[in-house]
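Please read them alongside the coordinates.

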Amino acid sequence: MKFDTPAGRNPIDQLKVVGRPTDRIDGKFKTTGTAPYAYERHDVAGPQAYGYVLGAAIAKGRVRAIDSAAAKAAAGVIAVVTTLDVPTLGLGTMNYANLFGGDRIQHYHQAVAVVVAETFEQARAAAFLIRVDYAPEAGRFDLAALADSAPPAKADSGEGSGGDGAERVGDFEGAFARAPVQLDATYTTSDETHAMMEPHATVASWDDDKLTLWTSNQMIAWAKGSIAKILRIPKRNVRVDSPYVGGGFGGKLFVRADAVLAALAAKAAGRPVKLALTRPLIPNNTTHRPATIQRVRIGATKDGVITAIAHESVSGNLPGGVPETAVDQTKLLYAGENRLTSLRLATLDLPEGNAMRAPGEAPGMLALEVAMDEMAEKLGLDPVEFRIRNDTQVDPNEPGRPFSHRDLVGCLRLGAERFGWARRTPTPGRVRDGQWLVGLGMAAGFRNNLVMKSAARVRLDPHGTVTVETDMTDIGTGSYTIIAQTAAEMMGVSLDRVVVRLGDSDHPASAGSGGQWGANNATAGVYAACMRLREAVAQRLGINSADAVFTDGEVRAGNRAVPLADAAKAGELVAEDAIEYGNLSKSQQQSTFAGHFVEVGVDADTGETRVRRMLAVCAAGRILNPKSARSQVIGGMTMGVGAALMEKLSVDKRRGFFVNHDLAGYEVPVHADIPHQEVIFLDEVDPASSPMKAKGVGELGLCGVGAAVANAVYNATGIRVRDYPLTLDKLL
Ligand code: MOS
């Protein structure tokens, strides 16, 4: 189904199932430990051996030799595969360091060997008997030292570029120089690791030249294609299955070493192999969110109208890598005639930087929205009012291009009212509650909405059961449930008549889970397949499909009412289709908006910060399931607290690795850190997004939260910290 005009009224708008708060279908399996994650797939492929991965002990250089004789002779060992045993492998989608093979070490903990044994303990014991002889080389590990000489990032050197890689509208420098009120501030954010609960894990099995991977991955079609490229085997010989994913956060968008090494190990062992990356291996072996240095300049008139806005960000990555796109939101969030954004990229020999939890906007909003708070203070304006004054209903770069739907102002006004913003004391450091200095902070929330092709297959059996098959994943987000709700609505049945099968590359390829695009696109693909199934049903029943109403388990037309199951009496009906998008998202800017409000207490003696309450008001099109959407948003808000207060990978700048590479040294917020979170969704639809009229909401819950926390800490203490996370040492 091609979608290129705003959606009119359609069967989804009945809202008998869609739009209602619905418990997660997979919830009971997950909470009772009966949802099998990749490492727990004992049921597949026969007796499995265990793999254990050894990571490189240098950040850059060459492997001269590997002595694995003792490991091979150790108890229970079936096979050892070292990186010198295999030629350098291909690169998968968005991999830019080789995952295995050859003698080059591009980053610390890059895999150098995998041991296969009868038990996990035997494999681990043998791995430490391997002796690796390295020829180390000097590397570049210090972003701050390289920032000034970092060249423009390729992604940003296109049109409007002045040769320095910057994108310009109007004359930023002139307008900024003339502005009566100016802010010029630099903000730094840290390297961060995804810290999902389930580590990267895979069971691999070969059947002749056919490879099956039971793994944990967000993007099944990408994974299938990547594995074929990396191992240089035909795509048709690869199957990937990932029905349950214990968190991805971007770390499982692209194939990682677990899948590749499990495949190589299974080949060498001649039997299925199960393998997980151990927790201490993950931060350096896989990807992370790169640190940024961001300069924001804002110029405004005395009454708070922005006339000039600039956002420049520097990050680092391995050769061939991409920048952290921290300036994206600044192109769109506020009006202002003169604009400049730029991304520069330093070459570092740290592990691969890549997507993590709202890449771009999450760290970008932390800088921009603290800058907006600083500017409001300079102007003597309330920070809510300052943002409202600079709202725009069109893309500021292309005034002829409107937002498909934008109610940032509604989010900010409602949020201010519900949070009791009017009771805030604007002068910082004035409110005390016992030992606590109390402050309120706010920020806008912003994240773009992406549309992409997504396919599904739907079956109707003679019992009236509707089965949906798509390679869409559920990474803890609620995909099973909203897909079931969509199919139930479209086919006019109750939720218990719908079965959803996800994560299998034998199913039609979906948009997958990433960039908060999963919900809208995957359900729109199911919508398209259901439209086809409705046609097939009507045809079987001899009803004109345009007249048919699917409701209460029946198909109704005129004065006829036939049980839906009757259509499949003569045999199961199967329909498949994809949603494909036309130019609508090019002629209109699709984004999602929020108002984030936070209250903190800062211990007057120790500087310890405690979040006391949080509120997010979100405008993100139709909310398909308010219950799972709320869970997504409070998860995002929690990540925002992590970015503001806790999360930081510490770089060893001499040896080139992340030191605190486990969950003891890398702190993430937990439930107990945040006593009260409230989420409000504005009641809206966005007919330009898809026939579902929904948009992304998960990452919106994160983007802006870090700034709201930091602004609250400033309001509490009067100390403006521009280097995140905002740990207590910075307040003393
Ligand atoms: Mo998200 S970082 O695109 O999985």
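1. Two strands count as paired if DSSP finds at least two bridges between them. Strands (E, at least two residues) and helices (H or I, at least four) are DSSP runs, numbered from the N terminus. In strand E16, Thr-347 is the bridge partner of Asn-317. Strand E15 (residues 306–317) runs parallel to strand E16 (residues 338–347), with 10 bridges between them.

2. The model is predicted: local features need pLDDT of at least 70, and side-chain atom pairs count only at pLDDT 80 or more, while totals for chains, interfaces and linings use all residues. Residue numbers start from 1 along each chain as its sequence is written.

3. E15 and E16 belong to an open sheet of 5 strands with mixed pairing, ordered E8-E16-E15-E14-E9. Its edge strands, E8 (167–169) and E9 (181–189), each pair on one side only. From one strand to the next, the twist averages 10°.

4. Helix H9 (residues 361–379) packs on this sheet and touches E9, E14 (292–300) and E15. The direction of H9 makes about 150° with that of E9; axes are lines fitted to C-alpha atoms, for helices over the stretch in contact, and angles run from 0 to 180 degrees between N-to-C directions.

5. The chain is divided into domain 1 (2–18 + 451–585), domain 2 (38–138 + 195–285) and domain 3 (391–448 + 590–732), with bounds from an automatic or database domain assignment. Over C-alpha atoms, the centres of domain 2 and domain 3 are 37 Å apart.

6. In domain 2, 9 residues are in contact (C-beta atoms, placed from the backbone, within 7 Å) with 10 residues of domain 3.

Key:
Two residues are in contact if their C-beta atoms, placed from the backbone, lie within 7 Å.
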